[in-house]
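Welcome to this short tour.

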Amino acid sequence: MSLPSTRPRTGSRLPRPARPTRREDGITTAEYAVGTAAGAGLAGLLYKMLSGGFGNELLKTLFDHVLGLLGIG
(Lines give C-alpha, C1' and ligand atoms only; values in the text may rest on other atoms or scores of the structure.)
Protein backbone atom coordinates (compact mmCIF):
# COMPACT_ATOMS: atom_id res chain seq x y z
CA MET A 1 0.00 0.00 0.00
CA SER A 2 1.48 3.35 -0.96
CA LEU A 3 0.94 6.63 0.86
CA PRO A 4 -0.66 9.53 -1.01
CA SER A 5 1.76 12.15 -2.27
CA THR A 6 1.86 15.48 -0.39
CA ARG A 7 3.16 17.38 -3.38
CA PRO A 8 0.68 19.47 -5.38
CA ARG A 9 -0.38 18.01 -8.67
CA THR A 10 1.27 19.23 -11.81
CA GLY A 11 -0.52 22.29 -13.09
CA SER A 12 -2.15 23.20 -9.78
CA ARG A 13 -1.19 26.50 -8.19
CA LEU A 14 -1.18 27.63 -4.60
CA PRO A 15 -3.10 30.84 -3.90
CA ARG A 16 -0.94 33.94 -3.70
CA PRO A 17 -0.95 35.97 -0.50
CA ALA A 18 -2.98 39.16 -0.70
CA ARG A 19 -0.94 42.29 -1.39
CA PRO A 20 -1.53 45.45 0.62
CA THR A 21 -3.72 47.94 -1.15
CA ARG A 22 -1.92 50.99 0.28
CA ARG A 23 1.75 51.82 0.15
CA GLU A 24 3.45 52.26 3.51
CA ASP A 25 6.79 53.70 2.39
CA GLY A 26 6.69 56.77 4.66
CA ILE A 27 5.68 55.03 7.88
CA THR A 28 9.24 54.60 9.17
CA THR A 29 9.94 58.31 8.76
CA ALA A 30 6.90 59.16 10.88
CA GLU A 31 7.96 56.66 13.56
CA TYR A 32 11.45 58.17 13.71
CA ALA A 33 9.98 61.65 14.03
CA VAL A 34 7.76 60.62 16.95
CA GLY A 35 10.66 58.81 18.65
CA THR A 36 12.95 61.80 18.21
CA ALA A 37 10.37 64.20 19.62
CA ALA A 38 9.74 61.91 22.62
CA GLY A 39 13.49 61.60 23.26
CA ALA A 40 14.00 65.34 23.08
CA GLY A 41 11.12 65.94 25.48
CA LEU A 42 12.48 63.41 27.96
CA ALA A 43 15.97 64.92 27.74
CA GLY A 44 14.55 68.39 28.41
CA LEU A 45 12.63 67.12 31.41
CA LEU A 46 15.69 65.35 32.85
CA TYR A 47 17.84 68.44 32.30
CA LYS A 48 15.32 70.63 34.10
CA MET A 49 15.10 68.18 37.02
CA LEU A 50 18.82 67.59 37.41
CA SER A 51 19.96 71.19 36.95
CA GLY A 52 17.86 72.43 39.88
CA GLY A 53 18.13 71.81 43.61
CA PHE A 54 16.48 68.40 43.29
CA GLY A 55 19.23 67.18 40.96
CA ASN A 56 22.02 68.37 43.19
CA GLU A 57 20.50 66.65 46.23
CA LEU A 58 19.87 63.46 44.24
CA LEU A 59 23.46 63.30 42.99
CA LYS A 60 24.88 64.04 46.45
CA THR A 61 22.78 61.28 48.00
CA LEU A 62 23.74 58.85 45.25
CA PHE A 63 27.47 59.53 45.58
CA ASP A 64 27.32 59.31 49.37
CA HIS A 65 25.54 55.96 49.11
CA VAL A 66 28.06 54.54 46.60
CA LEU A 67 31.00 55.74 48.68
CA GLY A 68 29.41 54.17 51.75
CA LEU A 69 29.04 50.84 49.92
CA LEU A 70 32.70 50.97 48.93
CA GLY A 71 33.72 51.76 52.51
CA ILE A 72 35.33 55.06 51.57
CA GLY A 73 32.83 57.54 52.95
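A salt bridge here is a side-chain nitrogen of Lys or Arg within 4 Å of a carboxyl oxygen of Asp or Glu. Keep in mind that this is a predicted model, where local features need pLDDT of at least 70, side-chain atom pairs count only at pLDDT 80 or more, and totals for chains, interfaces and linings use all residues. Residues are numbered from 1 along each chain as its sequence is written, and side-chain values use heavy atoms, with hydrogens and water left out.

**Stop one: the charged pair.** Select Asp64 and Lys60, whose side chains meet in a salt bridge at 3.1 Å, N to O. The structure holds one such bridge. Side chains of opposite charge can pair when their charged atoms come close. Where do Asp64 and Lys60 sit in the helix? They are four residues apart in α2 (residues 53-70), so about one helical turn separates them. Asp64 is partly exposed, with a relative accessible area of 44%; buried means under 20%, exposed over 50%, and partly exposed in between (1.4 Å probe, protein chains only).

**Stop two: the helices.** Now show the cartoon: the protein has two helices and zero strands. Both kinds of element are DSSP runs numbered from the N terminus (helices: H or I, at least four residues; strands: E, at least two). Select α2, whose 18 residues reach 26 Å from the first C-alpha to the last, close to the 26 Å expected at 1.5 Å a residue. That expected span is 1.5 Å times one less than the number of residues.

**Stop three: the surface.** Select Leu42, Leu45, Leu46, Met49, Leu50, Phe54 and Leu58, which make a nonpolar surface patch of about 640 Å². Which helix gives the most to the nonpolar patch? That is α1, with five residues. Leu45 lies in α1. Finally, look at the whole protein: buried residues make up 1% of its 73 residues.

Technical notes:
Patch = residues over 30% accessible without salt bridge, like charges linked within 9 Å, V, L, I, M, F, W, Y side chains within 5 Å. Areas by Shrake-Rupley, 256 points an atom, 1.4 Å probe, with all protein chains shown as cover.
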